[in-house]
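Please read it with the sequence and structure in view.

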2 protein chains.
Amino acid sequence: MKQCTLVKIGGQVIDNSDKLKTCLDAFSSIPGKKILIHGGGKSGSDMLKKLGIEVKYIDGRRITNKKTLEVVTQVYAGSVNKKIVAQLQARNISALGLSGCDLNIIQAEKRPSLPMDYGYAGDIKKVHTDKLEWLLSHQVCPVINPITHNGEGQLLNTNADTIAAEVAISLSSIFSINLHYCFEMPGVMMDINNPHSLLNQLTQNQYTEYQESGIIAAGMIPKLSNGFRAVSAGNTHVTIGSLNHFISGDPHTILRP
Amino acid sequence: MKQCTLVKIGGQVIDNSDKLKTCLDAFSSIPGKKILIHGGGKSGSDMLKKLGIEVKYIDGRRITNKKTLEVVTQVYAGSVNKKIVAQLQARNISALGLSGCDLNIIQAEKRPSLPMDYGYAGDIKKVHTDKLEWLLSHQVCPVINPITHNGEGQLLNTNADTIAAEVAISLSSIFSINLHYCFEMPGVMMDINNPHSLLNQLTQNQYTEYQESGIIAAGMIPKLSNGFRAVSAGNTHVTIGSLNHFISGDPHTILRP
């Protein structure tokens with residue numbers, strides 16, 4: 001079975017142009033079919049603040065009202081996505097920026113407004129695997145941002161960690177998948193102040209245990225729960241940590257069923 | 001020779017959601033291969049004003065400093081492009097939003113800073129016809145925005161009328177092209193207050209004459225000079241006016257060599 005590598009990058013990389021360059025150098029060196037999935041970093045929130053639009057989160061999830069959706073679409077699908085695509089083109093990667101609406105790659109539905117109204121938040125309904133496979137088979141490198149759509153003309157905002165997992169799951173029917181979540185730490189650590197506490201492996205049972213005992217911080221939960229969902233779909237190797245460590249085989253965390 | 005229809009829409013359509021819907025309905029009804037090219041409308045300038053960034057023009061051309069480039073990339077490649085793509089998907093068009101960097105469709109170079117420094121303005125160097133042909137042959141409808149790149153990681157801002165003409169010229173080697181510039185008037189008029197003064201045809205010689213005598217307003221010049229450039233490349237039928245009139249054959253202006 002052919003391989004496909006998915007790399008998810010977030011704010012720590014996107015917000016720092018030196019780190020972004022290093023990351024894109026590493027990404028470019030990955031052989032074979034590959035997809036980059038990115039979030040928005042702080043730039044979305046920064047722009048909202050500049051425009052005087054209140055930034056609201058509940059349990060780490062952004063509340064996306066109409067104005068917020070407009071701004072995050074501008075930042076994620078516009079400046080962040082195109083900056084990355086242009087820099088990959090400069091590295092001779094045939095990159096193509098995609099929001100969920102482009103080629104109808106990712107269709108979502110507005111999250112129900114009860115019990116909690118998250119506004120224009122999109123829960124993924126379908127990833128159009130055939131379109132991604134077509135692009136990959138023509139040496140195109142999709143660069144996916146977290147703006148999705150409902151198929152009726154409405155854009156929606158979806159969590160980028162979730163997009164990475166759903167794209168991995170959908171493509172795992174065709175490819176053997178490597179899904180790597182880039183992280184500012186070397187991986188999952190028992191004690192963030194102790195570099196020796198890195199977990200080389202984390203099983204689903206350990207994850208549940210560490211989550212209950214509060215060892216795993218709240219911010220890690222979306223990444224890990226999405227990562228384990230991808231692992232349990234099968235055919236998918238999921239890792240967390242530095243992209244360079246993933247490529248070189250240096251210490252990082254591998255999620256195990 | 002197969003046909004391909006290119007439609008350029010600008011601010012009058014983009015800034016008004018009802019007009020945009022009517023226009024996308026009309027665009028969707030065009031049979032065969034088609035491409036939509038859009039500018040940014042007033043939303044780019046509005047956003048710059050909200051952020052307190054000065055909007056500068058010289059001879060109708062925007063001066064694009066670094067901050068301006070960031071904002072126009074957000075608006076043109078982000079909110080405007082994705083809004084159009086999502087609305088075309090809702091009309092069962094397999095739309096794909098493209099900046100020049102995506103698949104390296106349009107490579108440009110920064111305009112020389114002498115005699116006048118336009119900042120990050122991009123003059124088109126090459127349209128990658130093969131990539132556009134590939135997409136069109138797979139029933140994909142490219143939706144192109146005016147953000148280009150220099151191939152070295154730098155995004156640039158290019159005039160959308162120019163992009164429409166250059167894409168038409170490049171594709172005219174493969175297709176018989178219809179290029180339609182959408183316009184708030186029925187077409188080119190000798191007197192904008194007199195609906196009967198619409199010119200059904202305009203030749204290059206008449207254009208030069210009317211331009212010298214001041215009959216043709218300054219704002220029309222980029223559209224017309226780009227239109228005539230496309231006409232003179234051959235194999236290209238160029239029209240200006242209402243999109244519905246173009247489709248139904250009702251009065252509009254045809255540019256003649």
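Two residues are in contact if their C-beta atoms, placed from the backbone, lie within 7 Å. By that criterion, 72% of the contacts in chain A between residues at least 6 apart in sequence join residues at least 24 apart. The model is predicted, so local features need pLDDT of at least 70 and side-chain atom pairs count only at pLDDT 80 or more, while totals for chains, interfaces and linings use all residues. Residues are numbered from 1 along each chain as its sequence is written, and chains are lettered from A and ligands numbered from 1 in the order in which they are written.

**Overall fold of chain A**

- Chain A has 9 helices and 14 strands; helices (H or I, at least four residues) and strands (E, at least two) are DSSP runs, numbered from the N terminus.
- The radius of gyration of chain A, taken over C-alpha atoms, is 17 Å, close to the 18 Å that the globule rule gives for 257 residues, so the chain is as compact as a globular protein of that length.
- The globule rule is 2.2 Å times the number of residues to the power 0.38.
- The C-alpha trace of chain A spans about 45 × 45 × 35 Å along its principal axes.
- Of the 257 residues of chain A, 52% count as buried; a residue is buried if 20 or more other C-beta atoms lie within 10 Å of its own, exposed if 12 or fewer, and partly exposed in between, with C-beta atoms placed from the backbone.

**Pairing of chains A and B**

- In the interface, 32 residues of chain A are in contact with 32 residues of chain B.
- Helix H4 (66–89), strand E5 (95–98) and strand E9 (147–149) of chain A are the elements that give two or more residues to the side of chain A that touches chain B.
- H4(A) gives the most to that side, with 13 residues.
- The residues on this side of chain A divide into 12 nonpolar, 14 polar and 6 charged; Ala, Val, Leu, Ile, Met, Phe, Trp, Tyr, Cys and Pro count as nonpolar, Asp, Glu, Lys and Arg as charged, and the others, Gly among them, as polar.
- Chain A is superposed on chain B by a rotation of 180 degrees with 0.0 Å of shift along its axis (RMSD 0.0 Å), which is the relation of a two-fold axis.
- Copies are superposed by least squares on the C-alpha atoms of residues with pLDDT of at least 70 in both.
- The copies meet through the same surface, because 100% of the interface residues of chain A are also interface residues in chain B.

**Helix H2 of chain A**

- The 13 residues of H2(A) should span 18 Å at 1.5 Å a residue, which agrees with the 18 Å between its end C-alpha atoms; the expected span is 1.5 Å times one less than the number of residues.
- Leu20(A), Cys23(A), Leu24(A) and Phe27(A) are buried in H2(A).
- These residues cover an arc of only 100 degrees around the axis, which puts them on the same side of H2(A); the arc is that of the directions from the helix axis to the C-beta atoms.
- The cover over the buried residues of H2(A) includes strand E1 (3–9), helix H1 (11–14), strand E2 (33–38), H4, strand E11 (176–182) and helix H9 (243–248) of chain A.
- The face of H2(A) turned away from its buried side carries the exposed residues Asp18(A) and Ser29(A).
- Ser29(A) is exposed, with 11 other C-beta atoms within 10 Å.
- The C-alpha atoms of Ser29(A) and Ile93(A) are separated by 9.9 Å, although these residues are 64 residues apart along the chain.

- His128(B) lies in the loop between strand E7 (122–127) and H5 of chain B.
- With 15 other C-beta atoms within 10 Å, His128(B) is partly exposed.
- Not counting residues up to four places away in sequence, His128(B) touches Leu103(B), Asn104(B) and Ile105(B).
- In helix H5 (residues 129–137) of chain B, the buried residues are Lys131(B), Leu132(B), Leu135(B) and Leu136(B).
- They cover an arc of only 135 degrees around the axis, which puts them on the same side of H5(B).
- Asp130(B) and Ser137(B) are exposed on the face of H5(B) turned away from its buried side.
- Gln139(B), whose phi is positive, near 60 degrees, follows H5(B).
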